[in-house]
Amino acid sequence: MRLFLFICLLIVSCNSKENKEKYNHKFYRAVNNKDTAVLDIKINDKRFYGRYEISHYGTGKDSGDVRGDLRGDTLRGDYHYISFGGGWKRVPLALLKRDNKLYLGKGVIGTYFNLPCFVPDVPIEYNNSEFVFEEVTK
């Protein structure tokens, strides 16, 4: 009987969700000419997820979800959104954390298992970012 109780206790403790990872809520905004981008994410030391919206001045906006992983000082993932033209799209996303800002990366996009991704042999460019995000405190 004690062995049975020990095994049950062991199974329950292994399946316990007490070790949930804590996510910090961050809100960023970037402006490029008259276009504005807003990034509202939850982030921890391994992953991030949230909402990303780009308002294109005079034409509409792209709005959708972002998710991905942290690799050192870089957030790498994808952006799944509805474009201002009305259709769903998915593109890779890379953001470099530097000087308390996030720099949107540009790179060559290819496909892997029918999913868009940055081509590994070509470096992602962060120096001339379309958007440089600054954290906004609410």
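Tutor: This is a predicted model, and the mean pLDDT of the protein is 86. Of its residues, 85% reach 70 or more. Over residues 2–19, however, the pLDDT is below 50. Beyond near neighbours in sequence, that stretch has zero contacts in the model.

Student: Which residues lie nearest the centre of the largest pocket, and which strands supply its lining?

Tutor: The lining of the largest pocket is made up of 16 residues, and those nearest the centre are Gly 77, Asp 78, Pro 92, Pro 116 and Cys 117. At least two residues of this lining come from each of β4 (60–71), β5 (74–82), β6 (88–98) and β9 (115–118). Sorted by class, the lining holds seven nonpolar, two polar and seven charged residues.

Student: What can be said of the second largest pocket?

Tutor: The second largest pocket has a volume of about 320 Å³. Its lining consists of 18 residues, with Ile 54, Val 91, Pro 92, Leu 104 and Glu 130 nearest the centre. Two or more residues of that lining are given by each of β3 (47–56), β5 and β6.

Student: Which element gives the most to the lining of the second largest pocket, and how do the residues divide by class?

Tutor: The element in question is β6, which contributes four residues. By class, the lining of the second largest pocket comprises twelve nonpolar, three polar and three charged residues.

Student: Let us turn to the backbone. Which residue other than glycine has a positive phi near 55°, and where is its place?

Tutor: That residue is Asn 33, found in the loop between β1 (24–32) and β2 (35–43). Asn 33 counts as exposed because its relative accessibility is 73%, and the cut-off for exposed is over 50%.

Student: What is the phi of Phe 113, and is this residue buried or exposed?

Tutor: Phe 113 is not a glycine, yet its phi is positive, at about 50°. The loop between β8 (109–112) and β9 holds Phe 113. With a relative accessibility of 71%, Phe 113 is therefore classed as exposed.

Definitions and conventions
Residues are numbered from 1 along each chain as its sequence is written. This is a predicted model: local features need pLDDT of at least 70, side-chain atom pairs count only at pLDDT 80 or more; totals for chains, interfaces and linings use all residues. Side-chain values use heavy atoms; hydrogens and water are left out. On a 1 Å grid over the protein atoms alone, a cavity is a set of points where a 1.4 Å probe fits but cannot get out, and a pocket is an open set with protein on both sides within 12 Å along at least five of seven lines; lining residues have an atom within 4 Å of a point. Ala, Val, Leu, Ile, Met, Phe, Trp, Tyr, Cys and Pro count as nonpolar, Asp, Glu, Lys and Arg as charged, and the others, Gly among them, as polar. Grid points are joined across faces, edges and corners, and a volume is the space filled by probe spheres set on the points. Buried means under 20% relative accessible area, exposed over 50%, partly exposed in between (1.4 Å probe, protein chains only). pLDDT is the predictor's confidence in each residue, from 0 to 100. Contact means heavy atoms within 4.5 Å.
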